[in-house]
Amino acid sequence: MGEAPSAALPRVLLTGAAGGIGRCLHRAFAGRYPRLRLADRVPVTALHGSDEVLTGDLLDPSVAAAAVRDIDCIVHLAGIPKENTWEQILPNNIVATISLFEAARGAGVRRIVFASSNHAVGYHDAAHALGIEQPVRPDSRYGVSKVFGEALGRMYVDKYAMTVACLRIGSFRERPEDSRQLSTWIGHCDMAELARCAIEAPDYGFAIVYGVSANRRAKWASPDALRLGYRPAQDAEAWAAELEAIAPPPGDPAARFHGGAFCALEYLDPRGEGNKP
Ligand code: 15L
């Protein structure tokens, strides 16, 4: 974690605080901010005196309003974290995000850090590096919900002068687990540091940053990371020897596209090859 806490630091709301990234940030931020409100549908256990716990569903506007009250910066992690049906993705990832952004605007919250995902651009060819200038190319309904959140953030910056960071998070894990993650991995320390930078950097308007560690094999470039001051320190390469062999066969959609296994789900090859009748 960066320099010592000061009175100028913002009051922070973490949504989805009981999830994997939520728990990581909760631990990393304990005692750092003058207020740390931990919201989730399931109860979260406080770790520090400044922790506040709010249990409820952001789809309920009264819960969203209570969550954002007297908050300066929201880190929005809540939602379904992988592919699912529209019945799940629409309310939990799209409508709840609208509900939160609207509550934030109404309450005068100035900054939102949105947990987007690499799956917003997952169907780009893995043979080529990705920046943020390429068009979105979601690989799943989950990826579409992240594209939606990014577009919503862009609009709240342009229309309501808020500051919004969209973190296109890669593979958040204790350690990388397969060959793809040698490029897509983000370790726990880097994840906490990226979120801290997005919370604390001077106003930056709109930013999109890939949430990856300093992996030697990284294929995602984030010019906005510098504006936020994010300098990752972890590198998946330490696990390369044991992980290189854990890979889908060449030609498999999970190997051909940046989004990995999400790209293989329900995939129909435009050339008709290997499609089930
Ligand atoms: C994500 O967005 C998912 O939340 C996570 O489960 C991983 O699959 C990750 O992306 C990834 O691309 O590895």
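In which hand, left or right, does H3 pass H4 in their crossing? H3 passes H4 in a right-handed crossing, where right-handed means that the near helix is turned clockwise from the far one by less than a right angle, and left-handed means anticlockwise.

Before going on, keep in mind that this is a predicted model, where local features need pLDDT of at least 70, side-chain atom pairs count only at pLDDT 80 or more, and totals for chains, interfaces and linings use all residues. Residues are numbered from 1 along each chain as its sequence is written, and side-chain values use heavy atoms, with hydrogens and water left out.

Helices here are DSSP runs (H or I, at least four residues), numbered from the N terminus. Two packed helices are described by the angle between their axes and the distance between the axes. The axes are lines fitted to C-alpha atoms over the stretch in contact, with angles from 0 to 180 degrees between N-to-C directions. For H3 and helix H4 (residues 141-160), the axes come within 10 Å and cross at roughly 15°. H3 and H4 are therefore roughly parallel, a label for angles under 35 degrees. Contact means heavy atoms within 4.5 Å, and among the H3 residues that meet H4 are Trp-86, Ile-89, Thr-97 and Phe-101. By class, this contact has 11 nonpolar, 4 polar and 3 charged residues. Nonpolar covers Ala, Val, Leu, Ile, Met, Phe, Trp, Tyr, Cys and Pro; charged covers Asp, Glu, Lys and Arg; the others, Gly among them, are polar.

Let's zoom in on Thr-97, which sits in helix H3. Thr-97 counts as buried at 1% relative accessibility; buried means under 20% relative accessible area, exposed over 50%, and partly exposed in between (1.4 Å probe, protein chains only). Leaving aside neighbours within four places in sequence, Thr-97 touches His-76, Phe-114 and Leu-152.

Now for another partner of H3. Helix H2 (residues 61-68) packs against H3 (residues 86-107) at an angle of about 50°, with axes 9 Å apart. Pro-61, Ala-64, Ala-65 and Val-68 of H2 make the contact with H3 residues including Ser-99 and Leu-100.

Finally, the cysteines. The structure holds 0 disulfides, that is, pairs of cysteine sulfur atoms within 2.5 Å. For Cys-166, the nearest cysteine sulfur, that of Cys-73, is 12 Å away. Cys-166 is buried, at 0% relative accessibility. Cys-189 has the sulfur of Cys-24 as its nearest, 7.7 Å away, and Cys-189 is exposed at 56%.

Terms used:
Helices (H or I, at least four residues) and strands (E, at least two) are DSSP runs, numbered from the N terminus. Angles under 35 degrees count as roughly parallel, over 145 as roughly antiparallel, 65 to 115 as roughly perpendicular and the rest as oblique.
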